[in-house]
Amino acid sequence: MKRSPLKSPVRLLTAVPICDGHDSAINTINLECIRHGIEVVYLGFHRPEADIVRAAIQEDVRAVGISTYNGGHVEFFRDVRRGLDRAGAGHIGLFGGGGGTISEADARLMKRHGTDEIFFPGASLESIVKFVSDRYAKPGKPDAPATPDGRLARALTRIEAHGVGPAKTAKRRHHARVIGITGPGGAGKTTLIDELVLRYLHAFPAGRIAILSHDPSSVGDGALLGDRATMIHSQDERVFMRSMATRGRAGGLSPATERCLQHLTRQAFELIFVETVGTGQEALPFRARPFDLKVLVMNPDYGARLQLQKIAMLDVADIVVVNKSDQPRARAAAAEVGRRLAVNGRGQRLVSAAACRHRDPGVDELFRLVTGAPTEAAQ
Amino acid sequence: MSRLAQVCDAVAAHNRLVANQAVRARTDAKLRAEVLARWEQAHAAIPQVELPTGLKVPRIALPQLDEAGEIARYLYGEGLPGEFPYVNSAYPEMYLDPLDPHEPKPEEPTRLFSGLGLAEDTNARFRYLSRHQRTYRLSTAFDGPTLYGLDSDADGVAGKIGEGGVAIDTVEDMLRLYDGFPLGDADCSVSMTISGPAPILMAMYIAAAKRRFGPQVVPQLRGTVQADILKEVQAQNEAIFPVGAALRFLRDMIEWTSREMPRWYPISISGYHIAEAGATPVQQAAYTLSNGFAYVEMLAARGLDADLFGPRLSFFLDSGLDLEYLALARVCRKLWAIGMRDVFGAGPKAQLFKLHTQTSGRSLIAAEFKNNLTRTALELMLAYANATNSCHSNGADEPFTTPSEEWSLLASHAQSILLEESGLFRHMMNALSGSPGMKVMEQVVEAAILEEFRTIEEFGGVLGAMENRYQRTQIQASAHAIERQISSGLRPIVGLTRYANRDEPPPRVQLVRTSASKKRLQLARLKAFKTTHAAAAKQALTRLGEVVDGGGNVFAELLNTVECCTLGQITECLQERVGKFRPMV
């Protein structure tokens with residue numbers, strides 16, 4: 001029997017509906033799924049139906065799992081099912097459960113509306129994981145033409161599963177700017193990208209962005225792909241986001257990143273962000289083409305100045321962002337990094353930002369550098 | 001060194017002092033005489049009461065000690081009921097019947113959390129629950145859209161209107177909600193369980209009360225608004241503004257109510273939702289207390305006097321079935337009192353950890369759900385043995401639905417049986433205090449809480465730990481552990497993993513749901529309000545925006561804004577100025 005070179009794990013999207021913050025059960029189920037080799041794209045809590053449908057299609061998951069506690073579940077599951085079906089994603093499964101506000105009669109109705117399974121309080125973690133592993137072991141057969149995002153998402157899945165790029169098409173590379181963003185865990189890369197997306201959506205009336213976001217695969221080879229949960233502005237029709245697990249590759253990216261990126265650059269995107277997992281000092285994740293801009297995001301608390309000499313990316317980054325400029329050591333850190341860049345003498349740009357601050361001027365500056373948009377002063 | 005580290009040091013210093021006093025009382029004749037005299041005085045001051053059976057007992061039970069060292073350890077380390085460090089209780093008498101049978105009874109500690117459908121539905125439930133009560137204690141649950149600061153006509157929320165709580169969009173809904181209740185009376189108190197948009201709802205409450213009773217009612221208003229933004233970020237996920245902005249809105253509200261509403265509690269620092277999200281009892285207590293100290297630090301930094309706002313802080317804990325609950329609230333009272341006195345220099349009134357307890361919702365099980373009556377009764381017993389100041393007991397049908405009238409009433413009656421039928425809490429303080437197990441648990445729990453404080457301290461305090469997702473990660477890990485312990489049988493659950501009756505048909509319970517016609521009514525009301533006030537709303541929101549940008553007191557301005565703007569309009573206006581909350585996972 002011929003086996004595909006790379007095992008392709010079950011990918012699942014989980015979420016908690018709008019106006020509901022009860023994430024204890026879903027967090028526990030996520031952890032248990034990951035332990036059993038499932039890749040979970042977690043969209044977070046308080047999520048509208050449209051965000052769930054969009055994410056499920058872009059991530060090309062086998063199924064959507066929804067945990068609901070405070071009512072309105074009959075309508076919500078029906079809307080999600082309907083949204084998927086209308087977008088040519090009838091093959092993506094839907095299951096869920098909740099804190100008991102779902103009655104037996106509700107569950108029957110929800111199943112009639114196209115929900116595969118409802119778990120009641122007391123359902124064991126084993127039974128949920130077993131259901132997911134069995135029911136969604138194989139991808140569903142699409143029964144309707146996909147949307148453009150759906151087609152793109154499936155192409156990326158094929159690249160991830162088979163390790164090969166799509167057949168060479170005549171299409172040239174589109175004019176997308178590809179921006180690699182890397183840095184240690186907790187430096188604020190995800191927040192920074194989301195803030196850049198927000199500015200893009202405000203500044204330009206049309207045009208789309210793609211994001212390839214990476215999270216590490218864990219022991220058991222599952223992964224929690226949780227960036228969508230915190231990227232509130234990136235859940236938008238003009239953003240195509242794909243969460244990738246590293247699947248055994250070291251250095252911050254997935255084995256399929258470059259090929260996926262090649263494919264994405266042939267699509268109509270203006271900007272493509274590639275976010276690595278949190279990296280160490282020696283990491284140089286963006287070696288291959290086609291990165292137009294390499295951005296290193298740093299915490300102010302990188303340790304003693306000597307540590308700066310060891311951060312390899314400082315030599316190759318086009319832009320270095322010292323994030324969390326509202327923190328105590330930030331000014332000193334920016335000064336030290338600035339001196340280091342000056343020694344390099346390569347015209348690298350230094351930006352001090354506080355991505356978590358509303359309308360942060362540092363992020364505005366980074367946005368101008370990234371998009372080439374005119375500065376306010378020039379206007 | 002942050003305030004949390006100072007609290008740890010102060011507690012250590014206090015414990016050393018107690019140990020020293022115990023030793024000195026044995027060796028120093030003068031102190032021994034003093035301690036023995038105080039003990040004698042304490043005994044002499046305790047009246048005898050007669051039980052219904054005719055037996056005479058002391059009104060406060062004290063341990064049988066005749067050795068000066070141990071007496072000193074008790075007096076300094078634990079305190080008489082209502083005395084520093086308040087281990088036994090915040091007040092001397094708590095739920096005791098008055099000595100003189102002609103005296104009015106104290107206010108019942110029972111609170112029943114209710115909220116369903118539209119404002120008038122919840123109003124009817126309040127009337128039903130309070131019809132036999134001496135005083136009105138209205139504890140309000142809001143629906144999902146309200147908790148997230150959204151109007152009922154927001155995209156995608158139609159299914160959630162009036163589910164799991166009451167739908168409130170405008171000041172007019174607020175008027176309907178408490179219609180007929182004497183909000184300014186001394187025997188009426190209102191609590192609102194809302195945090196993200198708390199200042200907006202609080203402003204609506206004040207505006208509604210003013211419309212009914214005139215502006216002079218404001219200083220009379222009694223009650224609590226939850227407004228605990230830190231636990232939202234750590235556990236309950238109903239934050240809607242970035243943390244910094246939310247803390248500013250909160251500070252503005254506390255500053256205003258502390259001055260204008262001396263009988264109001266503008267925050268209920270809550271561990272309940274932390275515990276319900278899966279935290280251990282120690283994590284619950286540690287995060288609640290550390291959040292409390294963080295609020296105090298923030299208000300003190302604003303230049304507010306701890307003796308002004310300190311007495312207006314209240315707390316909210318879960319009572320579950322773990323052994324720790326035998327002593328949890330006792331330890332919390334002690335740590336809070338020491339921290340407030342020794343670190344923040346607060347006087348006695350600001351040292352009290354005034355506690356509302358709710359029995360654990362998480363412990364209630366759908367399978368063979370009538371067992372939930374027993375679970376809740378046990379948790380109630382633990383809550384009152386820990387001298388909670390008020391208490392909510394859950395309906396047994398909560399695994400399925402917003403409690404129906406039948407199970408709500410049973411839950412309420414469970415408290416009446418415990419406090420009124422049973423003699424445990426009516427005649428004698430400390431009837432259950434001070435068992436060897438309770439003392440052991442106090443020490444173990446206290447040490448574990450202080451250990452958590454030190455870890456939080458290493459992150460640079462509560463906000464630093466929060467930014468690093470420390471509390472969330474810990475809570476999630478505990479939740480996962482509990483589920484695996486249930487699966488493995490380490491935590492047996494009767495009716496589910498033990499003694500389960502496999503043939504039992506699914507329970508028949510009455511579901512409380514909001515009908516489509518009611519939802520339409522709410523939408524129609526909202527639309528009418530928006531139309532009527534369209535022009536005024538625009539101006540009011542502009543003014544509000546100016547106050548936000550100009551650094552003025554946002555709460556004072558909200559009192560005007562709510563007269564003509566809806567909850568959703570106000571939320572949107574504020575989010576435009578300060579941004580949205582970015583969730584943590």
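Let's start with a definition: two strands pair if DSSP finds at least two bridges between them. Helices (H or I, at least four residues) and strands (E, at least two) are themselves DSSP runs, numbered from the N terminus.

Hi everyone. What you see above is a predicted model, where local features need pLDDT of at least 70, side-chain atom pairs count only at pLDDT 80 or more, and totals for chains, interfaces and linings use all residues. Residues are numbered from 1 along each chain as its sequence is written, chains are lettered from A and ligands numbered from 1 in the order in which they are written, and side-chain values use heavy atoms, leaving out hydrogens and water.

Let's look at chain B. Its strands S3(B) and S4(B), the latter at residues 136–141, pair in the parallel sense over 3 bridges. There, Ser114(B) stands opposite Thr140(B) of S4(B). These strands belong to an open, parallel sheet of 5 strands, in the order S3-S4-S5-S6-S7. Which strands sit at its edges? They are S3 (112–114) and S7 (264–265) of chain B, each pairing on one side only. Helix H4 of chain B (residues 119–130) packs on this sheet and touches S3 and S4; contact here means heavy atoms within 4.5 Å. The direction of H4 makes about 160° with that of S3(B). For such angles, axes are lines fitted to C-alpha atoms, for helices over the stretch in contact, and the values run from 0 to 180 degrees between N-to-C directions.

Chain B also has an open sheet of 4 strands, again with parallel pairing, in the order S8-S9-S10-S11. Its edges are S8 (267–270) and S11 (390–392), and the twist averages 25° from one strand to the next. S10(B), residues 355–359, pairs with S11(B) over 3 bridges, and Thr357(B) stands opposite Cys391(B).

Now for two helices. The axes of H7(B), residues 198–213, and H9(B), residues 243–260, come within 9 Å and cross at roughly 30°. H7(B) and H9(B) are therefore roughly parallel; angles under 35 degrees count as that, over 145 as roughly antiparallel, 65 to 115 as roughly perpendicular, and the rest as oblique. Among the residues making the contact are Met202(B) of H7(B) and Trp256(B) of H9(B).

How many residues does each chain bring to the contact between chains A and B? Chain A gives 44 residues and chain B gives 44 residues. The buried area is about 3,300 Å², with carbon and sulfur atoms giving 55%. Buried area is the accessible area (1.4 Å probe) that two parts lose on being put together, summed over both. In chain A, Cys19(A), Phe45(A) and His358(A) lose the most area to chain B, together 16% of what that side buries. Across this interface there are 6 salt bridges, each a side-chain nitrogen of Lys or Arg within 4 Å of a carboxyl oxygen of Asp or Glu. Lys519(B) and Glu75(A) also meet in a salt bridge, at 3.8 Å from N to O.

Last, two backbone details. Most residues other than glycine have a negative phi, and most peptide bonds are trans. Phe84(B) and Pro85(B), however, are joined by a cis peptide bond. Ala387(B), in the loop between H14 (371–385) and S11 of chain B, has a positive phi near 55°.
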